[in-house]
Amino acid sequence: MTAMDDTRLEEISRAYRSQLGEAPPAVTDAAVTAFRARGRQHAWTGARIVLLLAGAIGLLLEVPVILGGSAHTSQDVAVLHTALSIGFLIAARRPERYARGMVPVAMAAAVLLVLPTASDTRTAVENGVAELSHLPVLAGAAALALGGWMAPARRHRRA
């Protein structure tokens with residue numbers, strides 16, 4: 001084809017497109033978007049249930065330690081676990097708003113709880129009941145890590 005043919009072909013294409021009018025709405029795009037949103041919603045349902053359970057169980061385990069007059073160090077740890085448990089309950093209630101912010105904090109807490117246990121397994125086995133109190137934090141962190149990134153990021157308007 002020559003340059004003249006290409007130019008003529010482009011003119012014909014433009015004329016044809018102008019006669020067709022606007023393109024029909026992209027139904028496929030809307031369907032794919034709805035399907036993805038539905039998948040995120042189902043994934044979040046499971047994560048929200050785990051967060052709700054982790055928060056409730058964490059509160060049940062730690063509030064008696066805070067109120068029971070245990071050693072100061074135990075109360076400090078219980079206060080932090082309780083704060084995380086409350087965060088899990090809030091994230092379960094409104095994940096689109098709070099889950100993303102909780103992920104780094106919960107993951108850091110989970111890693112820092114596991115490190116001493118992993119380094120001294122004999123003591124961890126001897127203190128098995130005490131180590132069980134960490135399970136709500138680990139479960140909540142896992143739920144946030146698996147579900148927290150599924151929520152679409154909010155876009156802020158620039159002023």
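With which handedness does α3 pass α4? The crossing is left-handed. The legends below describe a predicted model.

**Figure 1. Overview of the helical fold.** The protein holds seven helices and zero strands. Along the sequence the pattern reads α-α-α-α-α-α-α. The chain has 159 residues, and 22% of them count as buried. Contacts between residues at least 6 apart in sequence were sorted by separation: 72% of them join residues at least 24 apart.

Figure 2. Helix α4 covers residues 95–119, 25 residues in total. From first C-alpha to last, α4 reaches 34 Å. That is close to the 36 Å expected at 1.5 Å a residue. At M102, α4 bends by about 40°.

**Figure 3. Packing of α3 against α4.** Two packed helices are described by the angle between their axes and the distance between the axes. Helix α3 spans residues 72–93. Its axis lies 9 Å from that of α4, at an angle of about 150°. An angle over 145 degrees counts as roughly antiparallel, so α3 is roughly antiparallel to α4. From α3, the contact uses H81, L84, G87, F88, I90, A91, A92 and R93. From α4, it uses P95, Y98, A99, M102, V105, A106, A109 and L113.

**Figure 4. Packing of α3 against α7.** Helix α7 runs over residues 135–147. The axes of α3 and α7 come within 10 Å and cross at roughly 35°. This crossing is left-handed. On the α3 side, H81, L84, F88 and A91 make the contact. On the α7 side, the partners are P136, V137, G140, A141 and L144. H81, L84, F88 and A91 of α3 also meet α4.

Figure 5. H134 sits in the loop between α6 (128–132) and α7. Is H134 buried or exposed? Its relative accessibility is 15%. Buried means under 20%, so H134 counts as buried. Leaving aside residues up to four places away in sequence, H134 touches H81 and L113. H81 belongs to α3 and L113 to α4, and both take part in the α3–α4 contact. H81 also contributes to the contact of α3 with α7.

Note on methods:
Residues are numbered from 1 along each chain as its sequence is written. This is a predicted model: local features need pLDDT of at least 70, side-chain atom pairs count only at pLDDT 80 or more; totals for chains, interfaces and linings use all residues. Side-chain values use heavy atoms; hydrogens and water are left out. Helices (H or I, at least four residues) and strands (E, at least two) are DSSP runs, numbered from the N terminus. The expected span of a helix is 1.5 Å times one less than its number of residues. The bend at a residue is the angle between axes fitted to the seven residues ending there and the seven starting there. Axes are lines fitted to C-alpha atoms, for helices over the stretch in contact, and angles run from 0 to 180 degrees between N-to-C directions. Angles under 35 degrees count as roughly parallel, over 145 as roughly antiparallel, 65 to 115 as roughly perpendicular and the rest as oblique. A crossing is left-handed if the near helix is turned anticlockwise from the far one by less than a right angle, and right-handed if clockwise. Contact means heavy atoms within 4.5 Å. Buried means under 20% relative accessible area, exposed over 50%, partly exposed in between (1.4 Å probe, protein chains only).
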